[in-house]
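Hello,

Here is the structure for you to look over. My notes follow below it.

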Amino acid sequence: MTINQLSIFIENRSGTLVKVLDLLKQSNIQIIASTIADTAEYGIYRIICSEPSRAYEELKNAGVAVALSKVFAIQLDNEPGRAADAVKTFSDAGLGITYLYSFLLAGKGILIFRTDDTDKAKEVIKSNGLNYICEKDFASII
């Protein structure tokens, strides 16, 4: 019910992001979605990609500070308000969302998020019939 996400520590100086992107390019790993949350000195670059385990190994072997974590991916119809409805479902269940980013893929909206209670989030997804994406499902979408 979850997918793997890379979280990469990126210093706020010229060339650090390019190094990560070049390593993924050389490894022929496709970035599906990414986001950077930054402070004055560093950023956390979060990536959903075609081969997260291999990407993790490639980056780690190159000396990049990287972590692999589980996040949720919910697929929504590409209609106004669908993201608001999904987030409200979690909020109404008393779940906090630690972070969220979204994108369009194959005509569908995709919400990537981490919550403060993984087990409860799984229950909410099941009980509300939300369309979640597993790691293997991305291969058929991209």
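**Salt bridges**

R54 forms a salt bridge with E51, with 2.9 Å between the closest N and O atoms. A salt bridge here is a side-chain nitrogen of Lys or Arg within 4 Å of a carboxyl oxygen of Asp or Glu. This is a predicted model: local features need pLDDT of at least 70, side-chain atom pairs count only at pLDDT 80 or more, and totals for chains, interfaces and linings use all residues. Residues are numbered from 1 along each chain as its sequence is written, and side-chain values use heavy atoms, leaving out hydrogens and water.

R54 is partly exposed at 30% relative accessibility. E51 is also partly exposed, at 33%. (Buried means under 20% relative accessible area, exposed over 50%, partly exposed in between, with a 1.4 Å probe and protein chains only.)

The salt-bridge count comes to 5. Helices (H or I, at least four residues) and strands (E, at least two) are DSSP runs, numbered from the N terminus.

- D85 pairs with R82, closest N and O atoms 3.2 Å apart. D85 is partly exposed at 41%, and R82 at 31%.
- D92 pairs with K88, closest N and O atoms 2.7 Å apart. D92 is exposed at 57%; K88 is partly exposed at 48%.

**Core**

The largest nonpolar core has 15 residues. Such a core is a set of buried Ala, Val, Leu, Ile, Met, Phe, Trp, Tyr and Cys residues joined through side-chain atoms within 4.5 Å. L6, I8, V20, L24, I47 and L59 touch the most other members. At least two core residues come from each of β1 (2-11), α1 (16-26), β3 (42-49) and α2 (52-61). Leaving aside residues up to four places away in sequence, the contacts of L6 (heavy atoms within 4.5 Å) include Y45, I47, L59 and V66.

**Helix α4**

Which residues of helix α4 (residues 118-127) are buried? They are A121, V124 and I125.

Best wishes
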